[in-house]
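Subject: Structure handover

Hello,

Here is the structure for your files. My notes on what was found in it follow below.

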Amino acid sequence: MKERRVSEAVIHRLPKYYRYLQELKKRGVERISSGELSAEMGFNASQIRQDFNCFGGFGQQGYGYQVSVLLKEIGAILGLTRVYNLVIVGAGNIGKALGRYAGFDKEGYCVKGIFDVNEDVIGKRINGIEVQNVAGLPAFLEENDIQIGVICTQKESAQEICDELVAG
């Protein structure tokens with residue numbers, strides 16, 4: 001199968017399409033044309049058709065695009081149809097807020113662990129997940145299939161944590 005190159009400009013527009021299509025779906029819109037997308041999003045209708053054709057096209061001439069199908073296809077292209085396991089390092093205000101964020105599950109992200117150096121928060125639970133000592137991070141990464149590390153630490157320790165996450 002021949003490999004196709006997709007321009008960076010198209011790649012940068014895909015999340016915008018995805019977010020807008022989510023809004024359309026919430027509003028109950030079932031079908032939309034490239035012209036209607038153009039009027040709503042500010043992109044040229046021809047450009048929208050060309051962007052979608054980079055991935056095989058998803059509509060029918062004179063009919064437009066089924067919003068749910070287009071949303072599903074663009075979601076797959078963006079890698080949003082699978083679950084990504086993540087860890088949060090730093091259980092301060094930002095780390096706690098992220099740990100409590102219910103939207104992760106809805107969007108395909110599963111918080112597997114939360115880590116900190118502060119003895120006052122280690123052992124406490126955030127959204128049902130026990131905060132662990134950051135010293136155990138390398139072993140946790142080795143034992144779990146983690147794709148994403150979210151760093152919520154002081155800037156002085158962020159690079160060291162980043163290096164540990166990359167190594168893991």
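**An exposed loop residue**

Gln61 is exposed, with a relative accessible area of 86%. Bear in mind throughout that this is a predicted model. Gln61 belongs to the loop that runs between H3 and strand E2 (65-66). Its C-alpha atom is separated by 8.9 Å from that of Ser33, a residue 28 places away along the chain.

**Nonpolar cores**

The largest nonpolar core contains 17 residues. Tyr17, Leu21, Leu24, Leu37, Phe52, Leu70 and Ile74 have the most contacts inside this core. At least two of its residues come from each of helix H1 (8-26), helix H2 (34-41), helix H3 (45-53) and helix H4 (67-77). H1 gives the most, with 6 residues.

Leaving aside residues up to four places away in sequence, Leu70 touches Leu21, Phe52, Phe58 and Tyr65.

Another core, of 11 residues, lies apart from the largest one. Ile88, Phe104, Ile114 and Val121 are among its members. As general background, nonpolar side chains in soluble globular proteins tend to be buried together.

**H1 against H3**

How do the axes of H1 and H3 cross, and within what distance do they come? The two axes come within 11 Å and cross at roughly 100°. Angles of 65 to 115 degrees count as roughly perpendicular, so H1 and H3 are roughly perpendicular to each other.

On the H1 side, the contact is made by Val10, Arg13 and Tyr17. On the H3 side, Gln47, Ile48, Asp51 and Phe52 take part. By type, the residues of this contact divide into 4 nonpolar, 1 polar and 2 charged. Tyr17 and Phe52, both named in this contact, are also listed among the residues with the most contacts inside the largest core.

**Cysteines**

How many disulfides are there? With a disulfide taken as a pair of cysteine sulfur atoms within 2.5 Å, the count comes to 0. Cys110 is in no disulfide, and the nearest cysteine sulfur to its own, that of Cys152, is 16 Å away. Cys110 is partly exposed, with a relative accessible area of 23%.

Buried means under 20% relative accessible area, so Cys152, at 19%, counts as buried.

Regards

Methods: Residues are numbered from 1 along each chain as its sequence is written. This is a predicted model: local features need pLDDT of at least 70, side-chain atom pairs count only at pLDDT 80 or more; totals for chains, interfaces and linings use all residues. Side-chain values use heavy atoms; hydrogens and water are left out. A nonpolar core is a set of buried Ala, Val, Leu, Ile, Met, Phe, Trp, Tyr and Cys residues joined through side-chain atoms within 4.5 Å. Buried means under 20% relative accessible area, exposed over 50%, partly exposed in between (1.4 Å probe, protein chains only). Helices (H or I, at least four residues) and strands (E, at least two) are DSSP runs, numbered from the N terminus. Contact means heavy atoms within 4.5 Å. Axes are lines fitted to C-alpha atoms, for helices over the stretch in contact, and angles run from 0 to 180 degrees between N-to-C directions. Angles under 35 degrees count as roughly parallel, over 145 as roughly antiparallel, 65 to 115 as roughly perpendicular and the rest as oblique. Ala, Val, Leu, Ile, Met, Phe, Trp, Tyr, Cys and Pro count as nonpolar, Asp, Glu, Lys and Arg as charged, and the others, Gly among them, as polar.
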